[in-house]
2 protein chains.
Amino acid sequence: MLLKRWLIGRPLTTAQAGHQRLANPVALAVFSSDPLSSVAYATEEILLVLVLAGTAALHYSIGISIVIVGLVAILTASYRQTIYAYPSGGGAYVVAKSNLGEAPGLVAAAALLIDYVLTVAVSVAAGIAAITSAVPELHDHRVALGLLAIAVLTLGNLRGVRESGRIFAVPTYMFVGSLGLVILVGLGRVLFGVPLEPPLPSVPAVEGLTLFLLLRAFSSGCTALTGIEVISNGVPAFRDPVSKNAATTMIWMAAILGSLFLGLTLLAHFYGLVPSEEETLISQIARTSLGGGVLYYFMQLATMLILILAANTSYNGFPRLASLLARDSFLPHQMRNFGDRLAFSNGILLLGAFAALLLIVFRGDTHALIPLYAVGVFLSFTLSQAGMVEHWRDRKGRGWRKKLVINLTGAVATGVATVVLAMTKFTHGAWVVIILIPILILMFRKIRWHYRIAAWQLSLDMYERPPAPPRNTVVMPISGVNRVVIIALDYARQMGQDIRAVYVDVDPEETTRMKKDWERWGAGVPLVILPSPYRSFLEPFLAYLEEVRKQKPGEWLTVVLPEVLPARWWENLLHNQRPLLIKAALLFKPRVIVTDVPYHLGLY
Amino acid sequence: MLLKRWLIGRPLTTAQAGHQRLANPVALAVFSSDPLSSVAYATEEILLVLVLAGTAALHYSIGISIVIVGLVAILTASYRQTIYAYPSGGGAYVVAKSNLGEAPGLVAAAALLIDYVLTVAVSVAAGIAAITSAVPELHDHRVALGLLAIAVLTLGNLRGVRESGRIFAVPTYMFVGSLGLVILVGLGRVLFGVPLEPPLPSVPAVEGLTLFLLLRAFSSGCTALTGIEVISNGVPAFRDPVSKNAATTMIWMAAILGSLFLGLTLLAHFYGLVPSEEETLISQIARTSLGGGVLYYFMQLATMLILILAANTSYNGFPRLASLLARDSFLPHQMRNFGDRLAFSNGILLLGAFAALLLIVFRGDTHALIPLYAVGVFLSFTLSQAGMVEHWRDRKGRGWRKKLVINLTGAVATGVATVVLAMTKFTHGAWVVIILIPILILMFRKIRWHYRIAAWQLSLDMYERPPAPPRNTVVMPISGVNRVVIIALDYARQMGQDIRAVYVDVDPEETTRMKKDWERWGAGVPLVILPSPYRSFLEPFLAYLEEVRKQKPGEWLTVVLPEVLPARWWENLLHNQRPLLIKAALLFKPRVIVTDVPYHLGLY
């Protein structure tokens, strides 16, 4: 308990929960870490595909980036409307379910759950790559470093969200500031003709420059959009008026995101950079732009920190979504409980475990994880926007036609992107997500089905309550007379009614002694002696219980087990084999209650 | 249960147990498999050491074997006296403990437990080597084959010892017969000058021929004596007069053992054979003597079978010794219980597990296991013989001086051998055994110490029994009203006295509904509502229990937990998190009894 307190912190009261509101600059930092951090890898992912068609194809990255920035604009306009329509938080699950129905809602929920896990895995992997780019000696330890990061995030989030705001503002601004500097200095050098490093040797083409390849490059770049919806989920965390503040912050975020992404793509183009195995593209750009000095290392640190914060966003989102699903009985009910400190502990632990698993399976490699990533994100974008379209058709309201068109544009744009993503990335890993989504939906429905059936079986509607509580027969197996036995006997005696001690006769001599002892200590409780031709204890005892149960149908049968509880764990190996066997044998017998009466041995 | 019956067979009654007596020829086969089977590897182990000093040193094997056969004679004479003195079975533990005291008894017991495990591992490894010598393709699968053999032995012994006698006679006689034939034919060919295969190329020396090397070779050969004591442990299994029959059988066994061992050593010498990695020496001898025909394969099969039977001997000895130790409280008391079918299931399972572990660690290699083997065996020989010396000094009786001298000779001879073994094999693995023995003794004493303290704490001598059973307060935590809750409530109601339902208020609306439901279903049981500012369920509930406990010192507090038991295992993930938490929190509270009232959900 003390350890838990120290690791997780003091719990918050319900009253305190309401006051965790964030000012816009802090909220921008908290909610932007996820979308902004994706510029750390998006340009690189585009170039990684284009380079297959040789160095000459790399300039297509500019066009692709412009299309993606266009998508950013469309989605920002689209999500600002969600912010106003759902001031209590409009996640894709809520919006899709309430407007499109349960099935689309569950598709969005499944896609989101997968994406939360991938956000953690991808961001941590990319964050570690920022470090190993600056310190190549750590390259071989990237899985271990990633697991460490996930462990820290998981524990930190079990402590709760309170501190988050304060701490989180710093790295986001560090990243935006230093990356802005890199881009300004870099573009300045290009404009004013400061001589650049000699360009890298050109790479030969291994594939033709097909439309499919360009679409694949576009799909890879779409990772820049991941996390753009975060603000619309977190509206209640803003200060009043929540929707206005959130919408303003959304614009800021989109503007920063667009500038950084486009700036990086341009610089990579002007510098003629090509992705490498050992160093991230953003690290190459920063090194070329700033030289290898202190500023460069600061920039890498900031990149790592914002990526870890991006991972942290999922630690808020995943348990929140899980608790919404649990409230609808699509996930186990215990996930609906707020844990101590307002964090949903079950969800946090699950998220950490799955992300760690992904990191291990994909050996901490960002590029290998990326193809799994964006499909689910865009699927939930599409469902969320489509839900908004239905929302306007349904509710109408002032200027609804214009709003509908904006969301429709968003839905169509992201819908097309989803199809492109699924097709171009299918064989690279997207198939995993496409298979997982229906499996998760099946699981959701199976769980709700169970809860429904259980509720029906537990319902009191048709229950015929007996007029008086049923009678209870108490049976206590004993193998001798000592303190545990006598204490358990006295416990059983106060339960009143029909009590019997049962002794299994395996040795006539001992049985005679037992009978004598019982005369002294039995307090008038009858002692039943069971013969045991096979010297087995369990079988005659169980047969006896069966007999009692048959004689008294509809009544309770309580088995009182005297149990020695030793003070040290290993001493348990020396006791209690028999109670364990009895409990295992009786677990599935209806109307049989097993009661342990423990006796705690002292330390010596 | 049915599966257990099918795998393990029907239990035997106490009455049946007495009739498992064996006729001498059958008893010879049953008890000789362990000692006789060791000739399958003893000669090879001698040569493996001698060959380090080159081919020229191999002829020392004859001298060494003659010394070992001398030891066989001394030990046979010595153990025949044990057979008469302990007709109920004179194992080293019993003899050493009753004559020399507890500490030597425990040393013998520790040595014996280790040796039982090693007998299984060594015999199975050598048995598999017999097969892989004949079928070299199986060489790479020897660990898997060994584990299979151990699994079969373990299951077979859980079925019980009854069938043993019948089945076991066959392979022992197969082995003795075919090995006798090999030796007779082989020696015949040597005597009558039938041309032999061309001798193998001579091996150069890598070590000098020192006294230490000769002693090491002797130590390796001492494995031929392992198991020689088995008959003296099993006297009660013979027909009346038990001691006379056992003593006669002992002579037969020793004569066969000596002839086979000496014959093999001579043949290896005459044939100029050298141990090889792929084929056992005994297989080389049989192949040279008989040619590669059917008889050779029969011989290999017989070797394998007798070695597996030798391993089986431990399955009788280990659980029997464990039960003796458990009766003296040196091992967990549950090991003292006879399982079904008179076999001691716990011991059998432990033995199988440890032997399998050894086989895996040493990769099924007989030579690697041998150095661990004989030290413990000879240590227990020495203690047993020394115990007999004390026995005669103490009891005297007719001709006791002569008897004392015989046992003294045995004790001195095996004592010297033990020291030689420990010294020459120390670095090759004997150190493991020499470290393990004191650890086991510490464990024995620690266990008995626990049982003594527990018995003292549980004793009724100083117990002041309350004049009437203490009163009981029944507390039932509820989170709503349904069938489980009402059934558990009605169970709690018949426990009489002071009953309270406890509800934790996390949502005022739900609490109001709860109160209304309780008016209808509560049957007059008071409903306690606990506030929970942190929305936690567990902490207010535990605090309430603490309060009740303080108000009613010395009384019982029973917590009745309504518990849903689903019909499928995975459905447990959807229920009962709360009862689990409550139980974990209450496990160590004295005078608190937790009672689950289960409600079984049906299948659907």
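The following questions and answers concern a predicted model with chain A and chain B in contact.

Student: How many residues does chain B give to the contact with chain A?
Tutor: The contact draws on both chains. From chain A it takes 75 residues. From chain B it takes 75 residues.

Student: How much area do chain A and chain B bury between them, and which three residues of chain A supply more of the buried area than any other three?
Tutor: The two chains bury about 7,100 Å² between them, 60% of it on carbon and sulfur atoms. On the side of chain A, three arginines supply 11% of the area that this chain buries against chain B, more than any other three residues. They are Arg465(A), Arg483(A) and Arg535(A).

Student: Which residue of chain B meets Arg465(A) in a salt bridge?
Tutor: Side chains of opposite charge can pair when their charged atoms come close. The count between chain A and chain B is two salt bridges. In one of them the N to O distance is 3.0 Å, and the partner of Arg465(A) is Asp490(B).

Student: Which elements of chain A give two or more residues to the side that touches chain B, and how many residues of that side are nonpolar?
Tutor: Across the interface there are 21 residue pairs in polar contact. The elements of chain A that give two or more residues are helix 2 (14-17), helix 18 (430-458), helix 19 (483-494), strand 4 (556-565) and strand 5 (592-600). By class, the residues of that side include 12 charged and 17 polar, and the nonpolar ones number 46.

Student: What is the handedness of the crossover from strand 2 to strand 3 of chain B?
Tutor: Strand 2 (residues 498-505) and strand 3 (residues 527-531) of chain B run parallel and are joined by five bridges. Within this pairing, Val504(B) stands opposite Leu530(B). The chain passes from strand 2 to strand 3 through helix 20 (residues 508-521) of chain B, and this β-α-β crossover is right-handed.

Student: Which helix of chain A holds both Arg393(A) and Glu390(A)?
Tutor: The side chains of these two residues meet in a salt bridge, with N to O at 3.2 Å. Over all chains the count comes to 28 salt bridges. Arg393(A) and Glu390(A) are three residues apart, about one turn of the helix, and both lie in helix 16 (residues 366-395).

Student: Is the peptide bond from Asp240(A) to Pro241(A) cis or trans?
Tutor: Most peptide bonds are trans. Pro241(A) is found in the loop between helix 11 (230-233) and helix 12 (242-271) of chain A. With omega near -10°, the bond from Asp240(A) to Pro241(A) is cis.

Conventions: Residues numbered from 1 in each chain as written. Chains lettered and ligands numbered in written order. Predicted model: local features only at pLDDT ≥ 70, side-chain atom pairs only at ≥ 80, totals over all residues. Heavy atoms only, no water. Contact = heavy atoms within 4.5 Å. Buried area = accessible area lost by both parts, 1.4 Å probe. Salt bridge = Lys/Arg side-chain N within 4 Å of Asp/Glu carboxyl O. Polar contact = N/O pair within 3.5 Å; in protein donor to acceptor, adjacent residues only side chain to side chain. Helix = DSSP H or I, 4+ residues; strand = E, 2+ residues; numbered from the N terminus. Nonpolar A, V, L, I, M, F, W, Y, C, P; charged D, E, K, R; others polar. Pairing = 2+ DSSP bridges. Right-handed = clockwise from strand over helix to strand, strands pointing away.
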